[in-house]
Structure formats: structure tokens, C-alpha cells
Amino acid sequence: MATRKNTQSPAPHTADSHDLIRVHGARVNNLKDISIEIPKRRLTVFTGVSGSGKSSLVFSTIAAESQRLINETYSTFVQGFMPTLARPEVDVLDGLTTAIIVDQQRMGADPRSTVGTATDANAMLRILFSRIGKPHIGSPQAFSFNVASISGAGAVSIERGGRTTKERRSFSILGGMCARCEGRGKVSDIDLTQLYDDSKSLADGAFTIPGWKSDSFWTVRVYAESGFVDPNKPISKYTKKELNDFLYKEPVKVKVDGVNLTYEGLIPKIQKSFLAKDKEAMQPHIRAFVDRAVTFSVCPDCGGTRLSESARSSKIEKINIADACAMQISDLAEWVRGLSEPSVAPLLTALGRTLDSFVEIGLGYLSLDRSSGTLSGGEAQRVKMIRHLGSSLTDVTYVFDEPTVGLHPHDIQRMNELLLRLRDKGNTVLVVEHKPETIVIADHVVDLGPGAGTGGGTVCFEGTVEGLRTSGTTTGHHFDDRAAVKESERKPNGALEIRGATTNNLRGVDVDIPLGVLVVITGVAGSGKSSLVHGSIPAGANVVSVDQGAIKGSRRSNPATYTGLLEPIRKAFAKANGVKPALFSSNSEGACPNCNGAGVIYSDLAIMAGVATTCEVCEGKRYLAAVLDYHFGGRDISEVLAMPVSEAVEFFGSGEARIPAAHAILERLADVGLGYLTIGQPLTTLSGGERQRLKLATHMGEKGGVYVLDEPTSGLHLADVENLLGLLDRLVDSGKSVIVIEHHQAVMAHADWIIDLGPGAGHDGGKIVFEGTPADLVAAHSTLTGEHLAAYVGA
């Protein structure tokens, strides 16, 4: 008799029930005790206006806690070498998996860091040349521009069997570093004509160095009264010995007016006092002096390749390692595929896979010898993605910060495919994004807001993309916004002429950029836009350039200090109260002595996360109690720094607290949409979009007729893009010329004139493929940009 099988499916296993990441009671930065559930093994996109709390939730809460828990699995010895992370302010975090963060943090700008060293492609190339390069010169170190050649010999004492014997030993390491430039590819020279006027004597004020006053002990007088040179003789008349002592003498002690001082040559003194410091942190006039005085030129010994002659002598099929690193990566990938050497077959496969990943992710136009510090935020993020593309890991949480930054609409589709492929391998993909083209592929959307700063930090919507469209939130309202092409364009009042531009991949480009209008430079990533604008505009064109360089600032820096706003405020407080301005600086005399003006006390707990507690003496206000007794316009300095920009505009705009200089800076901050920021908020708490706009507001105060903006929509919500277009219009209407490097179709449609570069990237680009109005570009359909803009405006 046949038995009947049980066709019911077995009950789900308990282990399969953990399919959500649960966040309850998150209070990091501006998050207001929010609770959400995020599905695992799905693509979730986080949207909301800039500053609404997206990064606080995704990076500072979910990803930070995942990394902290992983770090705790290591021994305390290992943890001592790792960054210490505090537990985020959140009640419950359940269902976390290993988080891999791919953010927009710029790569280190060290001159020895290149695309090849950052992605391990160089390491594989070095091994390849050390194995099959002809002639064979040594180990992989012999091909590294970070390893210097060293040799030495001498006697060593060895104890054996109770006796001490001496043996002669020698060693040598063959490195690939060029000895002249020390692996940097460039050599720096100091232009002596910018340091002094050699027709004058020291007594007549020969020095032209900023801050070097004739009565200063530590600068001018130490030279004039050292006895090594004649202070009354013109520098051009110095003897050979006098000139050598003046410029290069080693440090020695001298007495000036009975005071013991150190005398050293002018060149080493300038190198220590100016060139050893971070240029970005210098005052503008000092930075201008350094730009004038120091010239960088290609190293004459290695031709900029960074490598020694021996490293360049070893070749594979007539190509040396310097040639390989200088190739466009798409070409290098083909060259590697053409090599057939069974002894290194696994190495060739791995190297080919890495190089193919560059091409696949849209970076095939780069070369391995490109300095990593010159990559844009979007390029740096995609370079970091490369090591994860072929990974066999599954059930991992990948966290991306605006992966479409710096991407042409044509390239966004490729990025979407990569995100979906990571999800389809069984991973959880969390993306912070503003572009509708990427939001639309999400399985789940979390919209934060409704505003920014204190006006945000709540969940406005959770659900599908279709639900977002009809949700009535700011993102939903603007989701299907499409800017129309202008019906009439402004007329230019001149032109900026560029002739024979050959920077990077440009091919002798001749172009006239119209002045007095809004010009948008566009084209696929790597087509030569930045090379044309930043590298080819003639000197003396009265240009104010706002690039994508990161804002540098510690937790002591804030919008008031960064923009120069605090200076007129301090002076006004000092004048009103008859005291010194330094009292109103929390980094100077007015600082609370207990916390040194930080407002918090940091306790270092070694391998555990440090603890920050509010200073009990100043109660987090950062100033001495006596300083807070001084008022201006009825407020003390800590109350002023706690004001949002929008309130401060009114406060300093009229009445007894009127300060025109401060009001002008605050109006610029409000113009770029930062009215909600408090002027004393630490820069470290600002989002990427907020930092970009803060930088823009600062540069708007500079005197210049031409503004060059590099992707100003980075980090901006769809609603903020409208405000940015209004700001660009106001700049043009005030008589400025505005040139924008941009991929956003709304900015393209709003332009008076478009210059499109292409047709491809790298050596496939570098040409002007279109010049004209947006309407003409849409009508022509002749370029990739034209096709995507036509689709965007519905033409």
C-alpha cells in the first residue's frame, strides 16, 4: 500500500527570521529619537535635504556601531592600534552585519600616493617586472619609487659559546626611488627674487617676505647684526662666502643686543617657517607669497616618473614599469591581456581583473601614476569601490555616500548596475543619494527631514519609490521636477579666450568662453572639463575658483571662524566694552582655562572610546565667566555664537548691534541656503553638502569678475538645486561671469551657453563636441549630453 508523502513545506528556520536592521531611539547629531526598520539583502536609499540627518543615521549610527562591534572582537593589543569608536547615542541596534563603508573622503594628498599604490595595482606590476622583466635587476622593491637604495658595511660583534667574535658584514637594498626628487616626480626651487631685492642692503629693507619687519630680532636683525654679512652693502655685491652664509649657513648661535639667538641661512629658514606648514591653513597673503616664491618643476633626472634609471631599464616587450603606469588604464588592461607567460599566469589574471574593474566602474581614463590627491570626491569613492567589486563576501552591509557624485547621466546607469549587482549577491546596500535616477532603483526608501539642522532629524517617509512620489514630503514633491530649457538667453559682453589648450588630455583646444552670462561646461567624467577650466584659463583673468577641495578644520573651527565672520564681531564687542578683541576668542585669552576653550573635557581611555563631558566650569560655553559679563546688543559672545544664521542676519543688520561687515558675510551664508546653521557649530559636524556651500559663500566675498564653480550641486537635494540656480542668476545679474562645471541636467537647462567636451573619456575625449545654447543642444541630439538633456526636458 502506497504511503502519502507530506507535501507541506517545513517551518522556517529561526535563523532566517533576522531579516531586518532595527534602529530604535537614535539621537546622534540632529536625529530626534527616531526608530526605523531596514530590510536586509535589499537596496535602501536614504533621501532628504542636505543637513536633514541622513549621514548621522547611516554613517554615524548604523555603520559606526557595526565597525565598533567588529573592532571589539580583536584582542586589546590589536585594538590599541585601531581607531577608538564610541557607541552611538541609540537605544537599540539589532540585526547588524559587517559594514563596509565607501565614502567620499578624499584620498591622502601625499605626493607619493598614486592611483596604483592606493589600489594594489602597482604592487602586482612590481612583482610582474621583478619576475619577467629583462634585464632582471632585483626584487619588487627595485621597482618601487617609495624605497630608496641603501648600502652599508661594518664590523658586528657576535656572542657564541661564551666567546665574542667580530665579523665583517655588509648589506644593500636596491630601491626604485629616484635619488634627485626622492620619489615625488617634482623638484621645488625657491625664487630668490621673491625673498629680497638684491639692489638694496639689509639696512635699506631688502627683504620682501610678509611679516619680516626691520626691527624684529628673530627675522631681519639677526641677519643684519650677525657679523656674517655687511648690512650696509647691497646683496648683489656680496662675496661668494657672504652669499653662501646668507643663504645656506648651518644653524649657529649669535648674540644680538645681548640676546642669544640662532642664525641660519635664509633658504632653510624659509623652508622651515613657510614650506613645512600646511598651505591651506595659512592666511591668504602668506599663501599668495608661497605660491609666488616656490616653483615646482618636473624632475630632470627621472622625467617625472619618480623611478631610478635602473628601474626604468628593465622592460617587458619594450615597455618599462614607468611606461605601464603612464598608460591609460583601459590600454594597460589590453597590454596585460596580451602577455602570455605561464610562470606568472595567476598574477596576470589578478592584475587583469583589477584593471578591468577600473574600466567597468568608469575610471578607465585614469593612469596608475596619477596622484591620488588630484582625484575628485566621486573618483576617489569609485577607486575605493574597486576592491569590493569582485569580492566573494555575502551578507555584508555596503554603505555608499552619494556614489553618483561627479558622474555624467550616461555613467549613472552603469553605477546603478553595480549597486544592484552587489545587492543580488545577497548583500544589504545602503545608499545616501539625491539623484532621482538612482533613487528610482531602490527597493526601500527612507526620507528624512522635513528641514535641515534642528528642523530635520525625523523620518518623513518609509516605503517604496511609488509611495515616495505621492507622499507629499519635500523629496516626493520635487521627485519628478524637470527644469525647462530657457526660452531666451542673456547676451554675452565679451569672451575669455583659450587657445591651444593641451593640459592633460586636451587636444589643442581653442574656445571662447562667453562673459557676463551663465556658462556650463559638461561632458562625461574624464572628458577634460577640469583640465579646460582649472588648467587652461589664462593667468590674470580675475578668476575666483571654487573647487571640490575638502574644507580643513578641527572641532574648534566653525562657520564664524572659517568665513572670517568672528573678526568684526570680536572687534565690535571689544569696542563696546573697552577691552581687547582677544578676550572674545575661545582659542585665545577669553578661553575657559579648564577646557581650554573646547567646551568639553576629553578623557582618553586607551583602547576604549574616549569620553567627552561638558565642562563644569563654563557649562560648555567655552569662555571665561568674566568674558560673558560683556554684552553687545544685549547678548554675550556665547549667545551670539549660538544664533542660527537667519537670526544673526537680522541681529547684525539693524539697530544698536548693526555691523555691516558681519551682515554681508551672514547674507552670503543665507544666500547659499545655510540659514539654519548656528554660526558657532563645529565644522566637523557639517555634512558634505553643507561644507561645499560654506566654501562657496566664503569665496563669494572675494573680488573677482569671473566665478568658476566645480560641481556646486554635490550633496544638494532637488529642492536645494532650485535655490542654487537662483543664486547663480543673482551672481550673473550683478555683473559677474559664472562658469560652472556640472553634470546636473537642471543646471544645464538653466544655462545661457553650454560647452560640451568628449566624445569619451581620457584619450577618447579632450575635444569640444558642442558649443551653443541648451535649446540647440537638445535639438541637435548630437552628443551623449544632448541625448540625456533631451530625455530630461522631455524633448
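**Figure 1. Packing of helices α4 and α12 in the predicted model.** Helix α4 covers residues 121–132 and helix α12 covers residues 345–360. Their axes lie 10 Å apart and meet at an angle of about 150°. Angles over 145 degrees count as roughly antiparallel, and α4 and α12 are therefore roughly antiparallel to each other. The crossing of this pair, α4 and α12, is left-handed.

**Figure 2. Helix α14 and the glycine after it.** Helix α14 runs over residues 409–424, 16 residues in total. From its first C-alpha to its last, α14 reaches 23 Å, close to the 22 Å expected at 1.5 Å a residue. The buried residues of α14 are Pro409, Asp411, Ile412, Met415, Asn416, Leu418, Leu419, Leu422 and Arg423. Viewed down the axis of α14, these buried residues fall within an arc of 160°, so they line one face of the helix.

Figure 3. Ala662, His663, Ile665, Leu666 and Leu669 are the buried residues of α23. Down the helix axis, the buried residues of α23 fall within an arc of 165°, so one face of the helix is lined by them.

**Figure 4. Serine 113 and its side-chain contact with serine 372.** Serine 113 is located in the loop between strand β5 (99–102) and helix α3 (115–118). A residue is buried when its relative accessible area is under 20%; serine 113, at 19% relative accessibility, therefore counts as buried. The side chains of serine 113 and serine 372 make a polar contact of 2.6 Å.

**Figure 5. Threonine 773 and its side-chain contact with aspartate 776.** Threonine 773 sits in the loop between strand β27 (767–772) and helix α27 (774–780). With a relative accessibility of 13%, threonine 773 counts as buried. Its side chain is joined to that of aspartate 776 by a polar contact of 3.1 Å.

Technical notes:
Residues are numbered from 1 along each chain as its sequence is written. This is a predicted model: local features need pLDDT of at least 70, side-chain atom pairs count only at pLDDT 80 or more; totals for chains, interfaces and linings use all residues. Side-chain values use heavy atoms; hydrogens and water are left out. Helices (H or I, at least four residues) and strands (E, at least two) are DSSP runs, numbered from the N terminus. Buried means under 20% relative accessible area, exposed over 50%, partly exposed in between (1.4 Å probe, protein chains only). A polar contact is a pair of N or O atoms within 3.5 Å; within protein, one must be able to donate a hydrogen and the other to accept it, and residues adjacent in sequence count only if both atoms are side-chain atoms. The arc is that of the directions from the helix axis to the C-beta atoms. Axes are lines fitted to C-alpha atoms, for helices over the stretch in contact, and angles run from 0 to 180 degrees between N-to-C directions. Angles under 35 degrees count as roughly parallel, over 145 as roughly antiparallel, 65 to 115 as roughly perpendicular and the rest as oblique. A crossing is left-handed if the near helix is turned anticlockwise from the far one by less than a right angle, and right-handed if clockwise. The expected span of a helix is 1.5 Å times one less than its number of residues.
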